[in-house]
Number of protein chains: 2
Amino acid sequence: MQAYGVKGIPLINKGDDPAKAIINGLDESKITLEDGDIVVVTEKIVAKAEGRLISLREVNPSENAVEIAEKTGKDPRLVELILKESRKVLRYGKNFLIVETHHGFVCANAGIDQSNVPQGYAKLLPRSPDSSAASIRRSLEKAMGKRLGVVIADSFGRPFRRGSVGVAIGASGVITLWDRRGEKDIYGKELQVTRVAIADCIASTATLLLGDADEEIPVVVIKGLNFLGDGEAKDLLRTREEDIFR
Amino acid sequence: MQAYGVKGIPLINKGDDPAKAIINGLDESKITLEDGDIVVVTEKIVAKAEGRLISLREVNPSENAVEIAEKTGKDPRLVELILKESRKVLRYGKNFLIVETHHGFVCANAGIDQSNVPQGYAKLLPRSPDSSAASIRRSLEKAMGKRLGVVIADSFGRPFRRGSVGVAIGASGVITLWDRRGEKDIYGKELQVTRVAIADCIASTATLLLGDADEEIPVVVIKGLNFLGDGEAKDLLRTREEDIFR
(Lines give C-alpha, C1' and ligand atoms only; values in the text may rest on other atoms or scores of the structure.)
Protein backbone atom coordinates (compact mmCIF):
# COMPACT_ATOMS: atom_id res chain seq x y z
CA MET A 1 0.00 0.00 0.00
CA GLN A 2 1.19 3.53 -0.75
CA ALA A 3 -0.32 6.82 0.37
CA TYR A 4 0.49 10.19 -1.18
CA GLY A 5 -0.41 13.67 0.06
CA VAL A 6 -1.77 15.84 -2.76
CA LYS A 7 -0.34 19.32 -2.72
CA GLY A 8 -1.23 22.38 -4.74
CA ILE A 9 -4.93 22.40 -3.98
CA PRO A 10 -6.07 26.03 -3.70
CA LEU A 11 -8.22 27.35 -0.83
CA ILE A 12 -11.79 26.44 -1.73
CA ASN A 13 -14.62 28.97 -1.79
CA LYS A 14 -18.39 28.61 -1.95
CA GLY A 15 -19.49 27.30 -5.32
CA ASP A 16 -16.10 25.86 -6.28
CA ASP A 17 -16.04 22.31 -7.65
CA PRO A 18 -13.99 20.13 -5.26
CA ALA A 19 -13.37 17.54 -8.00
CA LYS A 20 -11.84 20.18 -10.24
CA ALA A 21 -9.58 21.37 -7.42
CA ILE A 22 -8.52 17.77 -6.71
CA ILE A 23 -7.69 17.18 -10.38
CA ASN A 24 -5.56 20.35 -10.36
CA GLY A 25 -3.75 19.15 -7.26
CA LEU A 26 -3.12 15.70 -8.75
CA ASP A 27 -1.64 17.36 -11.82
CA GLU A 28 0.62 19.59 -9.75
CA SER A 29 1.67 16.69 -7.52
CA LYS A 30 2.25 14.49 -10.59
CA ILE A 31 0.03 11.71 -9.20
CA THR A 32 -1.70 9.51 -11.76
CA LEU A 33 -4.83 7.70 -10.63
CA GLU A 34 -5.23 4.01 -11.43
CA ASP A 35 -8.12 1.55 -11.10
CA GLY A 36 -8.69 0.76 -7.43
CA ASP A 37 -7.16 3.93 -6.02
CA ILE A 38 -8.93 5.55 -3.11
CA VAL A 39 -9.03 9.34 -2.84
CA VAL A 40 -9.43 10.63 0.71
CA VAL A 41 -10.74 14.19 0.89
CA THR A 42 -10.95 16.23 4.10
CA GLU A 43 -14.49 17.35 4.83
CA LYS A 44 -13.15 20.89 5.00
CA ILE A 45 -12.95 21.46 1.26
CA VAL A 46 -16.34 19.86 0.66
CA ALA A 47 -17.96 21.98 3.36
CA LYS A 48 -16.36 25.17 2.07
CA ALA A 49 -17.47 24.44 -1.49
CA GLU A 50 -21.02 23.99 -0.15
CA GLY A 51 -20.91 27.38 1.53
CA ARG A 52 -20.99 25.93 5.04
CA LEU A 53 -18.75 28.71 6.36
CA ILE A 54 -21.01 30.78 8.61
CA SER A 55 -20.32 34.24 10.00
CA LEU A 56 -21.06 34.19 13.74
CA ARG A 57 -22.36 37.77 13.45
CA GLU A 58 -25.38 36.45 11.59
CA VAL A 59 -26.31 33.96 14.30
CA ASN A 60 -28.94 34.81 16.94
CA PRO A 61 -28.62 32.42 19.85
CA SER A 62 -31.80 30.99 21.35
CA GLU A 63 -32.45 30.94 25.09
CA ASN A 64 -31.46 27.29 25.20
CA ALA A 65 -28.19 28.07 23.43
CA VAL A 66 -27.40 30.88 25.89
CA GLU A 67 -28.03 28.53 28.80
CA ILE A 68 -25.78 25.77 27.41
CA ALA A 69 -23.18 28.39 26.49
CA GLU A 70 -23.00 29.48 30.12
CA LYS A 71 -22.54 25.92 31.33
CA THR A 72 -19.93 25.01 28.71
CA GLY A 73 -18.09 28.32 28.47
CA LYS A 74 -18.65 28.38 24.71
CA ASP A 75 -19.77 31.26 22.49
CA PRO A 76 -23.62 31.22 22.52
CA ARG A 77 -23.68 31.75 18.75
CA LEU A 78 -21.49 28.69 18.25
CA VAL A 79 -23.78 26.72 20.58
CA GLU A 80 -26.77 27.87 18.52
CA LEU A 81 -25.11 26.47 15.37
CA ILE A 82 -24.28 23.23 17.17
CA LEU A 83 -27.88 22.80 18.31
CA LYS A 84 -29.20 23.50 14.81
CA GLU A 85 -26.91 20.83 13.37
CA SER A 86 -27.95 18.26 15.99
CA ARG A 87 -30.87 15.98 16.61
CA LYS A 88 -29.82 15.21 20.16
CA VAL A 89 -27.48 16.61 22.80
CA LEU A 90 -25.82 13.64 24.55
CA ARG A 91 -23.55 15.27 27.14
CA TYR A 92 -22.26 18.71 27.98
CA GLY A 93 -20.17 20.36 30.64
CA LYS A 94 -17.23 22.70 31.11
CA ASN A 95 -15.61 23.04 27.65
CA PHE A 96 -17.41 20.18 25.93
CA LEU A 97 -20.65 19.48 24.13
CA ILE A 98 -21.22 16.04 22.60
CA VAL A 99 -24.15 15.66 20.23
CA GLU A 100 -25.67 13.41 17.65
CA THR A 101 -25.81 15.34 14.38
CA HIS A 102 -28.69 15.17 11.92
CA HIS A 103 -26.49 12.83 9.86
CA GLY A 104 -26.20 10.51 12.89
CA PHE A 105 -22.56 11.23 13.79
CA VAL A 106 -21.79 11.32 17.49
CA CYS A 107 -19.08 13.94 17.98
CA ALA A 108 -18.05 17.08 19.79
CA ASN A 109 -19.62 20.38 18.68
CA ALA A 110 -21.55 18.72 15.83
CA GLY A 111 -18.27 18.63 13.93
CA ILE A 112 -18.26 22.42 13.67
CA ASP A 113 -14.76 23.69 13.18
CA GLN A 114 -13.19 27.05 13.98
CA SER A 115 -9.64 26.09 13.00
CA ASN A 116 -8.42 27.03 9.55
CA VAL A 117 -11.41 29.28 8.97
CA PRO A 118 -11.31 33.09 9.11
CA GLN A 119 -11.70 34.83 12.48
CA GLY A 120 -15.37 35.17 13.43
CA TYR A 121 -16.49 32.26 11.29
CA ALA A 122 -17.43 28.64 11.95
CA LYS A 123 -17.53 25.80 9.46
CA LEU A 124 -20.36 23.28 9.56
CA LEU A 125 -19.98 19.71 8.30
CA PRO A 126 -21.05 19.00 4.71
CA ARG A 127 -24.81 18.55 4.38
CA SER A 128 -24.81 15.08 2.88
CA PRO A 129 -21.27 13.70 2.78
CA ASP A 130 -22.16 10.35 1.17
CA SER A 131 -23.76 12.20 -1.74
CA SER A 132 -20.79 14.58 -1.97
CA ALA A 133 -18.45 11.57 -2.07
CA ALA A 134 -20.53 10.03 -4.87
CA SER A 135 -20.49 13.25 -6.85
CA ILE A 136 -16.71 13.71 -6.46
CA ARG A 137 -16.19 10.07 -7.43
CA ARG A 138 -18.29 10.41 -10.59
CA SER A 139 -16.35 13.53 -11.65
CA LEU A 140 -12.94 11.97 -10.96
CA GLU A 141 -13.86 8.69 -12.68
CA LYS A 142 -15.12 10.56 -15.71
CA ALA A 143 -12.03 12.76 -15.92
CA MET A 144 -9.58 9.91 -15.35
CA GLY A 145 -11.37 6.97 -16.97
CA LYS A 146 -10.62 4.80 -13.90
CA ARG A 147 -12.65 3.01 -11.23
CA LEU A 148 -12.02 4.84 -7.96
CA GLY A 149 -13.17 5.07 -4.38
CA VAL A 150 -13.72 8.31 -2.47
CA VAL A 151 -13.74 8.80 1.30
CA ILE A 152 -14.59 12.12 2.94
CA ALA A 153 -12.69 12.24 6.21
CA ASP A 154 -12.87 14.16 9.45
CA SER A 155 -11.12 13.79 12.83
CA PHE A 156 -13.19 12.82 15.86
CA GLY A 157 -12.29 12.30 19.48
CA ARG A 158 -13.73 9.22 21.16
CA PRO A 159 -14.57 7.75 24.55
CA PHE A 160 -11.96 5.82 26.55
CA ARG A 161 -8.95 6.91 24.49
CA ARG A 162 -7.16 10.24 24.13
CA GLY A 163 -6.59 12.06 20.88
CA SER A 164 -8.50 12.20 17.64
CA VAL A 165 -8.47 9.65 14.83
CA GLY A 166 -9.66 9.80 11.25
CA VAL A 167 -13.26 8.83 10.55
CA ALA A 168 -15.13 8.45 7.29
CA ILE A 169 -18.11 10.79 7.25
CA GLY A 170 -18.78 10.20 3.55
CA ALA A 171 -17.85 7.44 1.13
CA SER A 172 -18.55 6.19 -2.34
CA GLY A 173 -17.18 3.31 -4.39
CA VAL A 174 -15.46 1.66 -1.42
CA ILE A 175 -16.13 -1.02 1.15
CA THR A 176 -16.88 0.90 4.34
CA LEU A 177 -17.78 -1.96 6.69
CA TRP A 178 -16.12 -5.26 5.79
CA ASP A 179 -18.44 -8.01 6.95
CA ARG A 180 -16.44 -11.17 7.59
CA ARG A 181 -19.22 -13.12 9.30
CA GLY A 182 -19.12 -16.72 8.26
CA GLU A 183 -15.40 -16.69 7.40
CA LYS A 184 -13.22 -19.26 9.11
CA ASP A 185 -10.03 -18.77 11.09
CA ILE A 186 -6.83 -20.78 10.55
CA TYR A 187 -8.28 -23.56 12.74
CA GLY A 188 -11.54 -23.73 10.78
CA LYS A 189 -13.61 -22.00 13.48
CA GLU A 190 -15.84 -19.00 12.74
CA LEU A 191 -14.07 -15.65 13.02
CA GLN A 192 -14.98 -13.56 16.05
CA VAL A 193 -14.07 -10.04 15.01
CA THR A 194 -16.48 -10.04 12.16
CA ARG A 195 -16.83 -6.50 10.94
CA VAL A 196 -13.92 -4.20 10.18
CA ALA A 197 -14.51 -0.46 9.74
CA ILE A 198 -12.38 -0.26 6.60
CA ALA A 199 -13.36 3.30 5.67
CA ASP A 200 -12.45 4.58 9.14
CA CYS A 201 -9.07 2.82 8.88
CA ILE A 202 -8.61 4.50 5.49
CA ALA A 203 -9.45 7.89 7.01
CA SER A 204 -6.98 7.27 9.85
CA THR A 205 -4.30 6.34 7.33
CA ALA A 206 -4.84 9.67 5.62
CA THR A 207 -4.68 11.45 8.99
CA LEU A 208 -1.00 10.49 9.19
CA LEU A 209 -0.37 12.59 6.07
CA LEU A 210 -3.07 15.24 6.44
CA GLY A 211 -1.72 16.11 9.85
CA ASP A 212 1.32 17.86 8.50
CA ALA A 213 1.70 21.10 10.40
CA ASP A 214 3.43 23.33 7.86
CA GLU A 215 1.33 22.70 4.85
CA GLU A 216 -2.31 22.13 4.17
CA ILE A 217 -2.74 18.69 2.58
CA PRO A 218 -6.49 18.27 2.14
CA VAL A 219 -6.36 15.20 -0.14
CA VAL A 220 -4.52 11.87 0.10
CA VAL A 221 -4.42 9.16 -2.56
CA ILE A 222 -4.11 5.55 -1.36
CA LYS A 223 -2.90 2.93 -3.81
CA GLY A 224 -2.45 -0.79 -3.61
CA LEU A 225 -5.52 -1.76 -1.59
CA ASN A 226 -8.35 -3.93 -2.82
CA PHE A 227 -11.34 -2.29 -1.18
CA LEU A 228 -13.52 -0.91 -3.97
CA GLY A 229 -17.17 -1.69 -3.32
CA ASP A 230 -20.50 -0.01 -2.81
CA GLY A 231 -20.47 1.00 0.85
CA GLU A 232 -21.48 4.35 2.28
CA ALA A 233 -20.24 6.06 5.42
CA LYS A 234 -23.69 5.81 6.96
CA ASP A 235 -23.18 2.01 7.11
CA LEU A 236 -20.69 2.78 9.90
CA LEU A 237 -23.26 4.40 12.18
CA ARG A 238 -24.55 2.32 15.06
CA THR A 239 -28.22 2.79 15.68
CA ARG A 240 -29.11 3.82 19.22
CA GLU A 241 -30.43 0.30 19.81
CA GLU A 242 -27.03 -1.16 18.92
CA ASP A 243 -25.22 1.28 21.15
CA ILE A 244 -24.75 0.59 24.84
CA PHE A 245 -22.91 3.86 25.49
CA ARG A 246 -25.58 6.25 24.26
CA MET B 1 4.14 6.72 3.05
CA GLN B 2 4.39 3.05 2.18
CA ALA B 3 3.13 0.06 4.15
CA TYR B 4 4.22 -3.53 3.57
CA GLY B 5 2.77 -6.73 4.98
CA VAL B 6 5.49 -9.05 6.27
CA LYS B 7 4.94 -12.64 5.24
CA GLY B 8 6.74 -15.79 6.25
CA ILE B 9 6.42 -15.38 10.00
CA PRO B 10 5.92 -18.82 11.54
CA LEU B 11 3.21 -19.62 14.11
CA ILE B 12 4.60 -18.46 17.46
CA ASN B 13 4.74 -20.69 20.52
CA LYS B 14 5.35 -19.97 24.18
CA GLY B 15 8.94 -18.95 24.76
CA ASP B 16 9.65 -17.93 21.15
CA ASP B 17 11.34 -14.60 20.58
CA PRO B 18 8.96 -12.38 18.57
CA ALA B 19 11.84 -10.16 17.38
CA LYS B 20 13.63 -13.17 15.92
CA ALA B 21 10.46 -14.27 14.12
CA ILE B 22 10.00 -10.74 12.74
CA ILE B 23 13.58 -10.65 11.46
CA ASN B 24 13.00 -13.99 9.71
CA GLY B 25 9.84 -12.63 8.12
CA LEU B 26 11.57 -9.44 6.95
CA ASP B 27 14.27 -11.59 5.33
CA GLU B 28 11.74 -13.79 3.56
CA SER B 29 9.70 -10.77 2.45
CA LYS B 30 12.89 -8.99 1.31
CA ILE B 31 12.05 -5.87 3.34
CA THR B 32 15.01 -3.79 4.55
CA LEU B 33 14.43 -1.57 7.57
CA GLU B 34 15.63 2.02 7.48
CA ASP B 35 15.88 4.78 10.09
CA GLY B 36 12.41 6.03 10.95
CA ASP B 37 10.51 2.89 9.93
CA ILE B 38 7.67 1.79 12.17
CA VAL B 39 7.06 -1.92 12.72
CA VAL B 40 3.47 -2.76 13.62
CA VAL B 41 3.09 -6.13 15.34
CA THR B 42 -0.26 -7.78 16.09
CA GLU B 43 -0.67 -8.48 19.79
CA LYS B 44 -1.35 -12.09 18.88
CA ILE B 45 2.27 -13.07 18.34
CA VAL B 46 3.41 -11.23 21.46
CA ALA B 47 0.72 -12.88 23.58
CA LYS B 48 1.50 -16.33 22.22
CA ALA B 49 5.21 -15.88 22.86
CA GLU B 50 4.33 -14.95 26.46
CA GLY B 51 2.33 -18.12 26.90
CA ARG B 52 -0.99 -16.31 27.20
CA LEU B 53 -2.82 -19.12 25.41
CA ILE B 54 -5.00 -20.70 28.10
CA SER B 55 -6.80 -24.03 27.96
CA LEU B 56 -10.39 -23.51 29.06
CA ARG B 57 -10.31 -26.95 30.70
CA GLU B 58 -8.00 -25.57 33.35
CA VAL B 59 -10.33 -22.72 34.29
CA ASN B 60 -12.72 -23.00 37.25
CA PRO B 61 -15.40 -20.35 36.98
CA SER B 62 -16.37 -18.45 40.12
CA GLU B 63 -20.02 -17.93 41.14
CA ASN B 64 -19.88 -14.39 39.77
CA ALA B 65 -18.55 -15.69 36.44
CA VAL B 66 -21.34 -18.27 36.23
CA GLU B 67 -23.93 -15.59 36.87
CA ILE B 68 -22.55 -13.21 34.22
CA ALA B 69 -22.17 -16.16 31.83
CA GLU B 70 -25.90 -16.86 32.16
CA LYS B 71 -26.81 -13.25 31.43
CA THR B 72 -24.42 -12.89 28.50
CA GLY B 73 -24.72 -16.37 27.00
CA LYS B 74 -20.94 -16.78 27.17
CA ASP B 75 -18.91 -19.78 28.36
CA PRO B 76 -18.49 -19.36 32.17
CA ARG B 77 -14.81 -20.31 31.90
CA LEU B 78 -14.27 -17.54 29.34
CA VAL B 79 -16.10 -15.11 31.62
CA GLU B 80 -13.85 -16.17 34.50
CA LEU B 81 -10.79 -15.30 32.39
CA ILE B 82 -12.34 -11.98 31.39
CA LEU B 83 -13.01 -11.07 35.03
CA LYS B 84 -9.47 -12.03 36.05
CA GLU B 85 -8.04 -9.76 33.34
CA SER B 86 -10.26 -6.83 34.35
CA ARG B 87 -10.32 -4.23 37.07
CA LYS B 88 -13.88 -3.18 36.31
CA VAL B 89 -16.89 -4.50 34.42
CA LEU B 90 -18.51 -1.54 32.62
CA ARG B 91 -21.49 -3.07 30.82
CA TYR B 92 -22.81 -6.51 30.01
CA GLY B 93 -25.84 -8.05 28.39
CA LYS B 94 -26.86 -10.62 25.81
CA ASN B 95 -23.67 -11.48 23.89
CA PHE B 96 -21.48 -8.68 25.17
CA LEU B 97 -19.27 -7.86 28.11
CA ILE B 98 -17.34 -4.57 28.13
CA VAL B 99 -14.63 -4.17 30.74
CA GLU B 100 -11.67 -2.06 31.75
CA THR B 101 -8.62 -4.32 31.76
CA HIS B 102 -5.83 -4.14 34.32
CA HIS B 103 -3.82 -2.26 31.67
CA GLY B 104 -6.63 0.33 31.45
CA PHE B 105 -8.01 -0.65 28.02
CA VAL B 106 -11.77 -0.41 27.65
CA CYS B 107 -12.82 -3.20 25.32
CA ALA B 108 -15.03 -6.22 24.83
CA ASN B 109 -14.08 -9.44 26.63
CA ALA B 110 -10.88 -7.93 28.07
CA GLY B 111 -9.37 -8.37 24.62
CA ILE B 112 -9.49 -12.15 25.00
CA ASP B 113 -9.53 -13.80 21.62
CA GLN B 114 -10.83 -17.18 20.52
CA SER B 115 -10.17 -16.70 16.79
CA ASN B 116 -6.98 -18.12 15.33
CA VAL B 117 -6.30 -20.12 18.49
CA PRO B 118 -6.83 -23.89 18.82
CA GLN B 119 -10.29 -25.19 19.75
CA GLY B 120 -10.84 -25.06 23.52
CA TYR B 121 -8.29 -22.32 24.09
CA ALA B 122 -8.49 -18.59 24.68
CA LYS B 123 -5.75 -16.04 24.21
CA LEU B 124 -5.27 -13.24 26.75
CA LEU B 125 -3.71 -9.88 25.85
CA PRO B 126 0.03 -9.48 26.45
CA ARG B 127 0.84 -8.68 30.08
CA SER B 128 2.66 -5.43 29.53
CA PRO B 129 2.48 -4.41 25.87
CA ASP B 130 4.49 -1.19 26.22
CA SER B 131 7.38 -3.18 27.72
CA SER B 132 7.04 -5.84 25.01
CA ALA B 133 7.16 -3.12 22.35
CA ALA B 134 10.32 -1.69 23.93
CA SER B 135 11.95 -5.09 24.06
CA ILE B 136 11.09 -5.88 20.41
CA ARG B 137 12.33 -2.46 19.39
CA ARG B 138 15.68 -2.91 21.18
CA SER B 139 16.20 -6.30 19.50
CA LEU B 140 15.28 -5.03 16.03
CA GLU B 141 17.40 -1.88 16.38
CA LYS B 142 20.37 -3.96 17.53
CA ALA B 143 19.99 -6.45 14.69
CA MET B 144 19.42 -3.81 12.00
CA GLY B 145 21.52 -0.91 13.26
CA LYS B 146 18.62 1.51 12.63
CA ARG B 147 16.39 3.76 14.72
CA LEU B 148 12.90 2.27 14.64
CA GLY B 149 9.47 2.54 16.18
CA VAL B 150 7.33 -0.41 17.27
CA VAL B 151 3.57 -0.47 17.73
CA ILE B 152 1.72 -3.49 19.12
CA ALA B 153 -1.76 -3.44 17.60
CA ASP B 154 -5.13 -4.97 18.31
CA SER B 155 -8.62 -4.41 16.89
CA PHE B 156 -11.28 -2.92 19.14
CA GLY B 157 -14.92 -2.08 18.57
CA ARG B 158 -16.09 1.29 19.82
CA PRO B 159 -19.21 3.18 20.84
CA PHE B 160 -21.31 5.07 18.26
CA ARG B 161 -19.71 3.46 15.19
CA ARG B 162 -19.88 -0.04 13.76
CA GLY B 163 -16.92 -2.25 13.05
CA SER B 164 -13.52 -2.57 14.62
CA VAL B 165 -10.50 -0.35 14.02
CA GLY B 166 -6.83 -0.78 14.84
CA VAL B 167 -5.65 0.47 18.23
CA ALA B 168 -2.16 0.68 19.70
CA ILE B 169 -2.01 -1.36 22.90
CA GLY B 170 1.78 -1.12 23.11
CA ALA B 171 4.34 1.26 21.64
CA SER B 172 7.98 2.19 21.82
CA GLY B 173 10.13 4.67 19.93
CA VAL B 174 7.14 6.47 18.37
CA ILE B 175 4.95 9.47 19.01
CA THR B 176 1.70 7.98 20.28
CA LEU B 177 -0.24 11.17 21.10
CA TRP B 178 0.78 14.16 19.02
CA ASP B 179 0.17 17.24 21.11
CA ARG B 180 -0.37 20.24 18.86
CA ARG B 181 -1.56 22.61 21.57
CA GLY B 182 -0.21 26.09 20.95
CA GLU B 183 0.23 25.57 17.21
CA LYS B 184 -1.45 28.09 14.94
CA ASP B 185 -3.82 27.51 12.02
CA ILE B 186 -3.44 29.13 8.59
CA TYR B 187 -5.17 32.26 9.95
CA GLY B 188 -2.84 32.53 12.94
CA LYS B 189 -5.45 31.31 15.46
CA GLU B 190 -4.76 28.51 17.93
CA LEU B 191 -5.57 25.04 16.58
CA GLN B 192 -8.66 23.39 18.03
CA VAL B 193 -8.08 19.69 17.40
CA THR B 194 -5.00 19.63 19.49
CA ARG B 195 -4.10 16.02 20.10
CA VAL B 196 -3.91 13.37 17.41
CA ALA B 197 -3.77 9.69 18.36
CA ILE B 198 -0.94 8.94 15.95
CA ALA B 199 -0.26 5.41 17.21
CA ASP B 200 -3.92 4.44 16.81
CA CYS B 201 -3.87 5.82 13.26
CA ILE B 202 -0.73 3.74 12.63
CA ALA B 203 -2.48 0.63 13.98
CA SER B 204 -5.51 1.32 11.77
CA THR B 205 -3.24 1.70 8.76
CA ALA B 206 -1.81 -1.74 9.48
CA THR B 207 -5.34 -3.14 9.87
CA LEU B 208 -5.86 -2.53 6.14
CA LEU B 209 -3.05 -5.02 5.42
CA LEU B 210 -3.37 -7.33 8.43
CA GLY B 211 -6.98 -7.97 7.54
CA ASP B 212 -6.13 -10.14 4.58
CA ALA B 213 -8.37 -13.19 4.76
CA ASP B 214 -6.26 -15.85 3.07
CA GLU B 215 -2.98 -15.34 4.73
CA GLU B 216 -1.85 -14.50 8.21
CA ILE B 217 0.06 -11.21 8.09
CA PRO B 218 0.99 -10.47 11.71
CA VAL B 219 3.50 -7.68 11.01
CA VAL B 220 3.39 -4.55 8.85
CA VAL B 221 6.27 -2.17 8.16
CA ILE B 222 5.41 1.49 7.59
CA LYS B 223 7.94 3.70 5.85
CA GLY B 224 8.08 7.38 5.00
CA LEU B 225 6.52 8.85 8.14
CA ASN B 226 8.28 11.14 10.57
CA PHE B 227 6.85 9.97 13.89
CA LEU B 228 9.71 8.54 15.91
CA GLY B 229 9.55 9.73 19.49
CA ASP B 230 9.28 8.46 23.03
CA GLY B 231 5.56 7.84 23.47
CA GLU B 232 3.91 4.79 24.99
CA ALA B 233 0.50 3.33 24.30
CA LYS B 234 -0.59 4.09 27.83
CA ASP B 235 -0.42 7.80 26.93
CA LEU B 236 -3.53 7.11 24.85
CA LEU B 237 -5.66 6.01 27.79
CA ARG B 238 -8.15 8.50 29.14
CA THR B 239 -8.40 8.47 32.88
CA ARG B 240 -11.91 7.91 34.24
CA GLU B 241 -11.98 11.58 35.23
CA GLU B 242 -11.33 12.62 31.62
CA ASP B 243 -14.00 10.28 30.31
CA ILE B 244 -17.62 11.31 30.14
CA PHE B 245 -18.80 7.97 28.77
CA ARG B 246 -17.53 5.74 31.55
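Start by selecting Ile186(B), in the loop of chain B between strand S10 (178-179) and strand S11 (195-196); helices (H or I, at least four residues) and strands (E, at least two) are DSSP runs, numbered from the N terminus. The model is predicted, so local features need pLDDT of at least 70 and side-chain atom pairs pLDDT 80 or more, while totals for chains, interfaces and linings use all residues. Residues are numbered from 1 along each chain as its sequence is written, chains are lettered from A and ligands numbered from 1 in the order written, and side-chain values use heavy atoms, without hydrogens and water.

Ile186(B) is partly exposed, at a relative accessible area of 42%. Buried means under 20% relative accessible area, exposed over 50%, and partly exposed in between (1.4 Å probe, protein chains only).

Next, show the interface. There, 68 residues of chain A are in contact (heavy atoms within 4.5 Å) with 68 residues of chain B. The two chains bury about 6200 Å² between them, 58% of it on carbon and sulfur atoms; buried area is the accessible area (1.4 Å probe) that two parts lose on being put together, summed over both. In chain A, select Phe160(A), Arg161(A) and Arg162(A), which lose the most area to chain B, together 15% of what that side buries.

Then pick Arg158(B) and Asp200(A), a salt bridge with its closest N and O atoms 2.6 Å apart. A salt bridge is a side-chain nitrogen of Lys or Arg within 4 Å of a carboxyl oxygen of Asp or Glu, and the count between chain A and chain B is six.

Move to helix H4 (residues 76-84) of chain A, where the buried residues include Leu78(A), Glu80(A) and Leu83(A). Their cover includes strand S3 (53-55) and helix H3 (63-72) of chain A.

Finish at Lys223(B), in strand S12 (residues 219-223) of chain B. Is Lys223(B) buried or exposed? Lys223(B) counts as buried because its relative accessibility is 8%. The Lys223(B) side chain reaches the backbone oxygen of Thr32(B) at 2.7 Å. Beyond its neighbours within four places in sequence, Lys223(B) has contacts including Met1(B), Tyr4(B), Glu34(B) and Asp37(B).

Note on methods: Polar contact = N/O pair within 3.5 Å; in protein donor to acceptor, adjacent residues only side chain to side chain.
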